[in-house]
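The sequence and structure are shown first.

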Amino acid sequence: MSYIDDLSKGIDKAYAEKDYEVVEILTERLRQEVGKGGGGAGFFENVGTGLASGAIGMYESAALGGAALLEE
């Protein structure tokens with residue numbers, strides 16, 4: 001299992017436990033890890049990176065929405 005998969009599972013777990021601060025921290029780490037990719041990425045790597053980026057955006061939006069509801 002890769003580090004990116006571990007981060008993704010950690011984000012899922014933190015989101016399920018409504019620990020939005022951890023979601024933000026892990027999301028930022030996942031972004032950094034995805035951004036490390038080399039210039040010679042193949043098709044499948046690009047697709048995987050795109051899916052990871054989309055998942056990051058979804059989790060971040062959900063965490064911010066949940067946090068906004070908690071404040072009110």
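Predicted model: local features only at pLDDT ≥ 70, side-chain atom pairs only at ≥ 80, totals over all residues.

In soluble globular proteins, nonpolar side chains tend to be buried together.

## Helix α1

Helix α1 has 14 residues, and the distance from its first C-alpha to its last is 20 Å, close to the 20 Å expected at 1.5 Å a residue. Its buried residues are L7, I11 and A14. Seen down the axis of α1, these buried residues fall within an arc of 70 degrees, so they line one face of the helix. An α-helix has 3.6 residues a turn, so residues three or four places apart point the same way. K13 and A16 are exposed on the other side of α1.

After α1 comes K18, which has a positive phi near 60 degrees.

## Contacts of I11 and T27

With residues up to four places away in sequence not counted, I11 touches V23, L26, T27, L30 and Y59.

T27 is located in helix α2. T27 counts as buried because its relative accessibility is 4%, under the 20% cut-off. Apart from neighbours within four places in sequence, T27 is in contact with I11, I56 and E60.

Methods
Residues numbered from 1 in each chain as written. Heavy atoms only, no water. Contact = heavy atoms within 4.5 Å. Helix = DSSP H or I, 4+ residues; strand = E, 2+ residues; numbered from the N terminus. Expected span 1.5 Å × (residues − 1). Buried < 20%, exposed > 50% of the residue type's maximum accessible area, 1.4 Å probe, protein only. Arc of directions from axis to C-beta.
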